[in-house]
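Here is a friendly briefing on a single protein model. Please take a look at the sequence and the structure, and then read on.

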Amino acid sequence: QPPKFTRSKYEGAVRENNQRGLSVASVSAADEDGRDGASVSYEIVGTEDFSVGSDGVITIQVVSDYETTTKYVFKVVATDQGPSPLSATATVVIAVLSEDESRP
């Protein structure tokens with residue numbers, strides 16, 4: 001069996017003008033096949049603006065700007081480590097929150 005995500009869609013948010021490397025969301029998938037394929041690895045598909053760790057924590061790798069991007073939508077693939085690796089996909093939506101840039 002392929003890994004199973006706890007949800008089909010994950011959501012998060014980031015304030016514009018953020019720091020790179022900031023955690024913005026977390027995904028989780030489990031492989032229920034047993035001991036041999038119990039470990040799951042994650043990969044982001046569709047953008048290089050984010051990265052995902054082995055723990056499922058998603059971090060942003062760019063400084064966002066609400067005026068140019070109000071949200072990011074991409075996929076995360078979870079792959080098990082069995083002899084014939086199987087995978088599953090979930091959608092991630094990250095909203096970009098505007099800051100008041102008119103302050104002195």
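Is Tyr72 buried or exposed? Tyr72 is buried, because its relative accessible area is 11%; buried means under 20% relative accessible area, exposed over 50%, and partly exposed in between, with a 1.4 Å probe and protein chains only. A note on the ground rules: this is a predicted model, in which local features need pLDDT of at least 70, side-chain atom pairs count only at pLDDT 80 or more, and totals for chains, interfaces and linings use all residues. Residues are numbered from 1 along each chain as its sequence is written, and side-chain values use heavy atoms, with hydrogens and water left out.

**The nonpolar core**

- The largest nonpolar core has 23 residues, and Phe5 and Ile58 have the most contacts inside it. Such a core is a set of buried Ala, Val, Leu, Ile, Met, Phe, Trp, Tyr and Cys residues joined through side-chain atoms within 4.5 Å.
- At least two residues of this core come from each of β2 (9-15), β3 (23-26), β5 (40-45), β6 (50-52), β7 (57-60), β8 (71-80) and β9 (87-97). Strands here (E, at least two residues) are DSSP runs, numbered from the N terminus.
- With five residues, β9 supplies the largest share of this core.

**Aromatic rings**

- Four aromatic pairs turn up in a search of the whole structure. Rings of Phe, Tyr and Trp (its six-membered ring) pair if their centres lie within 6.5 Å; planes under 30 degrees apart count as stacked, over 60 as edge-to-face and the rest as tilted.
- Phe5 and Tyr10 form an edge-to-face pair, because their ring centres are 6.1 Å apart and their planes stand at 65 degrees.
- Phe5 is buried at a relative accessible area of 14%, and Tyr10 is buried at 2% relative accessibility.
- Phe50 and Tyr72 also make an edge-to-face pair, with centres 4.9 Å apart and planes at 80 degrees. This pair links distant parts of the chain, as Phe50 lies in strand β6 and Tyr72 in strand β8, 22 residues apart.
- Phe50 counts as buried, at 4% relative accessibility.
- Phe5, Tyr10 and Tyr42 are joined into a cluster by ring pairs.
- Beyond its neighbours within four places in sequence, Phe5 has contacts (heavy atoms within 4.5 Å) with residues including Tyr10, Val27, Tyr42, Val76 and Ala88.

**The three-stranded sheet**

- An open sheet of three strands runs in the order β3-β7-β6, with antiparallel pairing; two strands pair if DSSP finds at least two bridges between them.
- β3 and β6 are the edge strands, each pairing on one side only.
- Three bridges connect β3 and β7 in the antiparallel sense. Ala25 has Ile58 in β7 as its bridge partner.

- Val40 belongs to strand β5 and counts as buried at 14% relative accessibility.
- The C-alpha atoms of Val40 and Ala78 are separated by 6.1 Å, although the two residues are 38 residues apart along the chain.
- Setting aside neighbours within four places in sequence, Val40 is in contact with Pro3, Ala29, Ala30, Asp31, Ala78, Thr79 and Gln81.
- Ser64 sits in the loop between β7 and β8, and counts as buried because its relative accessibility is 1%.
- The side chains of Ser64 and Asn18 make a polar contact at 2.6 Å. Such a contact is a pair of N or O atoms within 3.5 Å; within protein, one must be able to donate a hydrogen and the other to accept it, and residues adjacent in sequence count only if both atoms are side-chain atoms.

How values were computed:
Helices (H or I, at least four residues) and strands (E, at least two) are DSSP runs, numbered from the N terminus.
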